[in-house]
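Look at the model first, then read on.

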Amino acid sequence: MNDQEAFAIAVEEAEMGYNEGGVPIGAALVSRDGKLLGRGHNMRVQKGSAIHHGETSALENSGRLPASAYKGATMYTTLSPCDMCTGACILYGISRVVIGENKTFLGGEAYLKQRGIEVVILENKKMQDLMEKFISEKPEIWNEDIGEEERVHSKELK
């Protein structure tokens, strides 16, 4: 499975999440030999979960595997990974993270690189547009997802 095919799975997952009313972030985990290990999308809203982000869902859906299965794997994600998902990639020895976009949210990319993980940014406009649309539609869910309090806009203060 090549990068384009694997990232397309992550995009499908993000779109599923959006269509279910959740945060549109998808991920696919692919082994070093090109086998799809797991795929998933952010399910915090759908499952009432604190930890089901796209990357953690892909890991969950990969099932219980030996540590060697993750070594050298690539995590494809539609959005820059948050600190929790960054940590999961490091913990499991994932060697490469391919990110759809990092304009709407910049996660732990610097830390991934510091830990020797290759980071590839695709600058995918389709995923950026979807995230911007979601954030404008449901800012309270987005802020909850990234662990922030909802911000009061200056217009509302007048």
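With which residue does R44 form a salt bridge? The partner is E144, and the closest N and O atoms are 3.4 Å apart. R44 sits in helix 2 (residues 44-47) and E144 in helix 8 (residues 139-145), so this pair links distant parts of the chain, 100 residues apart. R44 is buried at 14% relative accessibility, whereas E144 is partly exposed at 47%.

The model is predicted: local features need pLDDT of at least 70, side-chain atom pairs count only at pLDDT 80 or more, and totals for chains, interfaces and linings use all residues. Residues are numbered from 1 along each chain as its sequence is written, and side-chain values use heavy atoms, with hydrogens and water left out.

Some terms come next. A salt bridge is a side-chain nitrogen of Lys or Arg within 4 Å of a carboxyl oxygen of Asp or Glu. Buried means under 20% relative accessible area, exposed over 50%, and partly exposed in between (1.4 Å probe, protein chains only). Helices (H or I, at least four residues) and strands (E, at least two) are DSSP runs, numbered from the N terminus.

**Salt bridges**

The salt-bridge count comes to seven. One of them joins D3 to R96, with the closest N and O atoms 2.7 Å apart. D3 lies in helix 1 (residues 3-19) and R96 in strand 4 (residues 96-101), so the pair ties together parts that are 93 residues apart in sequence. D3 is partly exposed at 33% relative accessibility; R96 is buried at 17%.

R96 also forms a salt bridge with E118. E118 belongs to strand 5 (residues 118-121), 22 residues from R96, and is partly exposed at 43%. Shared partners join D3, R96 and E118 into one network.

| Salt bridge | Closest N and O atoms |
|---|---|
| D3 and R96 | 2.7 Å |
| R44 and E144 | 3.4 Å |
| E118 and R96 | 3.5 Å |

**Strand 4 and its neighbours**

Six of the six residues of strand 4 are buried, so this strand is largely enclosed by the rest of the structure. Two strands pair if DSSP finds at least two bridges between them. Strand 3 (residues 74-79) and strand 4 run parallel, joined by five bridges. There, L79 has E101 as its bridge partner in strand 4. On the other pairing, four bridges join strand 4 to strand 5, also parallel. V97 has V119 as its bridge partner in strand 5.

A crossover is right-handed if, with the strands pointing away from the viewer, the path from the first strand over the helix to the second runs clockwise. Strand 4 leads through helix 6 (residues 109-114) to strand 5 in a right-handed β-α-β crossover. Strand 3, helix 5 (residues 83-91) and strand 4 make a right-handed β-α-β unit.

**Aromatic pairs**

Rings of Phe, Tyr and Trp (its six-membered ring) pair if their centres lie within 6.5 Å; planes under 30 degrees apart count as stacked, over 60 as edge-to-face and the rest as tilted. The structure holds two aromatic pairs. Y70 and Y92 have ring centres 4.8 Å apart and planes at 55 degrees, so this pair is tilted. Y70 is buried at 4%, while Y92 is partly exposed at 34%. F105 and W142 have centres 5.8 Å apart and planes at 90 degrees, so this pair is edge-to-face. F105 is in the loop between strand 4 and helix 6, and W142 is in helix 8. F105 is buried at 18%, and W142 is buried at 6%.
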